[in-house]
Amino acid sequence: MSPLAPSARGSRLALLVVGLCWLAVLFDGLDMFIYGSVLPHLLETKTFGLTADQAGDLGSYATFGMLVGALAAGTVADRIGRRKLMIGCVTLFSLASAICAISGSVAVFGLGRTLAGVGLGGLLPTAISMVGDYAPRGRGALVIGLLMTAHHAGGILSAYVARWLVDPVGWRAAFWVCVVPLVFAPVLVKLLPESLSFLVAKGRTDEARALADRYEVDLPAATGRKTAADRWDALASLFRGSEWIQTLLYWLASFGGLLLVYGVATWLPTLMRTQGYALASALTFVVVFNLGGIVGMLVAGRAADRFGAPRISAIWFALTAAGVFLLSVHMSMGVTTLIVFLTGVFLNSAQTMIYATVSLRSAPDSRATAVGWTSGMGRFGAVFGPWLGGRLLAAGHGDWGFTAFALAGVSSMVFIGVAALRTARSATPATSDPELVTAH
């Protein structure tokens, strides 16, 4: 097959892998957003005697689990393979939802959400790696962007599950729906191929070559695997000389960005209820917010290619902060819906542009380490965001929730902007196009 036809090369395998990973990430998004969708009901019915501050803690349990899962994913995948890890993650967060569904106390429910977070955190970077391996040549960023739309589609699905089931059946039914992906695990076992790069790295070249020949894709070249010393040296390089300032700016920007992403994802329906909107309307905002996220993921990369990822990230965060702040003002349903949609467009892709900026500004031999640690440090913000929203509501300052999240957006705008200005006078260290990283 001609190398001049990248869209045709490996299209069958790409379609299979992307389709399976898209469904897995859809379930990931459903499980991630379902807590925020049922939270207004849990608080209004005082399930388990739940208070606002406890609800914030529960939201942070899942994001803490995601932190653990994301940090462990690379090491586990190197040992057992990306395919097995994906299957394990889907199985784990499905069974964890069953724990939530049958829980009789806040402690058991919190255990379920923590375990679900571990599975959710491990799945997304693994799925991105899988589709990156099998994407047709020259289509990697497009395919990864397409994959990320599934996460927001899962958020939309969570709102409809809550609307259709919570009032007539009860909140437990929503979590039973999140157990359904368990039946998808055998489908992955049967149809999902292993990562070609993993097979080559493990010396299973015959198996990799057979798979590559079957679907007419290129076999990845064997690369030297980094030792622990190499990895530590790559991390140390982020702090040599004045680089520590740049690294710290990226980490702080990522912290504020993920605080904003997960704070809003957890508390949007509840905060909209405090502004006087009916529950059905509050759940509609979840749908609109995630529709905006899908649009944002599809347009952010093109905007960054034209104007630069750092500039787009800073502008996107400024627009996000303005949108989130405006949500604290009760307006007409039409105007509020438009603001929620635009906030969804800018919020989710603003964080993605931080990763793109780090990738662009990093040297090739430390790029993966720089992006990975920026994401990891940002996940502490993901833990803090839901907790912060709960504390504000518990203190009777729910109206400050949107303001606090808007300030997080402003801080990320400042940090990524300053980081971009500090490197504007130097040449880009990368010699090839940067990898667009879209994992939250």
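This is a predicted model: local features need pLDDT of at least 70, side-chain atom pairs count only at pLDDT 80 or more; totals for chains, interfaces and linings use all residues.

**Entry 1: a surface patch**

Is L248 buried, partly exposed or exposed? I looked up L248 and found a relative accessibility of 39%, so L248 counts as partly exposed. The cut-offs explain the label, because partly exposed covers what lies between under 20% for buried and over 50% for exposed. I then placed L248 in helix α11, which covers residues 243–274. L248 also belongs to a nonpolar patch on the surface, together with F239, W244 and L252. The four residues of this patch have about 360 Å² of accessible area together.

**Entry 2: two helices side by side**

I learned that two packed helices are described by the angle between their axes and the distance between the axes. I looked up both values for helix α1 (residues 11–44) and helix α2 (residues 52–80): the angle is about 170° and the axes are 11 Å apart. An angle over 145 degrees counts as roughly antiparallel, and α1 and α2 are therefore roughly antiparallel to each other. On the α1 side, the contact is made by M32, Y35, L39 and L43. On the α2 side, I noted A52, A55, L58, G59, T63 and M66.

**Entry 3: the loop between them**

Next I went to the loop between α1 and α2, where I found K46 and F48. I reminded myself that most residues other than glycine have a negative phi. K46 has a positive phi, near 50°, and F48 has a positive one too, near 60°. I checked how open each residue is: K46 is exposed, with a relative accessible area of 59%, while F48 counts as partly exposed at 27%.

**Entry 4: a histidine inside**

Where does H151 lie? I found H151 in helix α5, residues 140–165. H151 is buried, with a relative accessible area of 3%. I left aside the neighbours within four places in sequence and listed the contacts of H151: V25, D28, G29, M32 and F33. I had already written down M32 as part of the contact between α1 and α2.

**Entry 5: salt bridges**

How many salt bridges does a search of the whole structure find? The search finds 5, and I looked at some of them.

- The side chains of D31 and R113 meet in a salt bridge, at 3.1 Å from N to O. This pair links distant parts of the chain, since D31 is in helix α1 and R113 in helix α4 (residues 106–134), 82 residues apart. D31 counts as buried at 0% relative accessibility, and R113 counts as buried at 1%.
- R273 forms a salt bridge with E44, and the closest N and O atoms are 2.4 Å apart. R273 lies in helix α11 and E44 in helix α1, so this pair ties together parts that are 229 residues apart in sequence. R273 is partly exposed at 28%, and E44 counts as partly exposed at 47%.
- R204 and E207 meet through their side chains in a salt bridge, at 3.1 Å from N to O. R204 counts as partly exposed at 35%, and E207 is partly exposed at 40%.

Terms used:
Residues are numbered from 1 along each chain as its sequence is written. Side-chain values use heavy atoms; hydrogens and water are left out. Patches are made of residues with over 30% relative accessible area and no salt bridge: like charges are joined within 9 Å, nonpolar side chains (Val, Leu, Ile, Met, Phe, Trp, Tyr) within 5 Å. Accessible areas come from the Shrake-Rupley method with a 1.4 Å probe; for residues, only the protein chains shown count as cover. Helices (H or I, at least four residues) and strands (E, at least two) are DSSP runs, numbered from the N terminus. Buried means under 20% relative accessible area, exposed over 50%, partly exposed in between (1.4 Å probe, protein chains only). Axes are lines fitted to C-alpha atoms, for helices over the stretch in contact, and angles run from 0 to 180 degrees between N-to-C directions. Angles under 35 degrees count as roughly parallel, over 145 as roughly antiparallel, 65 to 115 as roughly perpendicular and the rest as oblique. Contact means heavy atoms within 4.5 Å.
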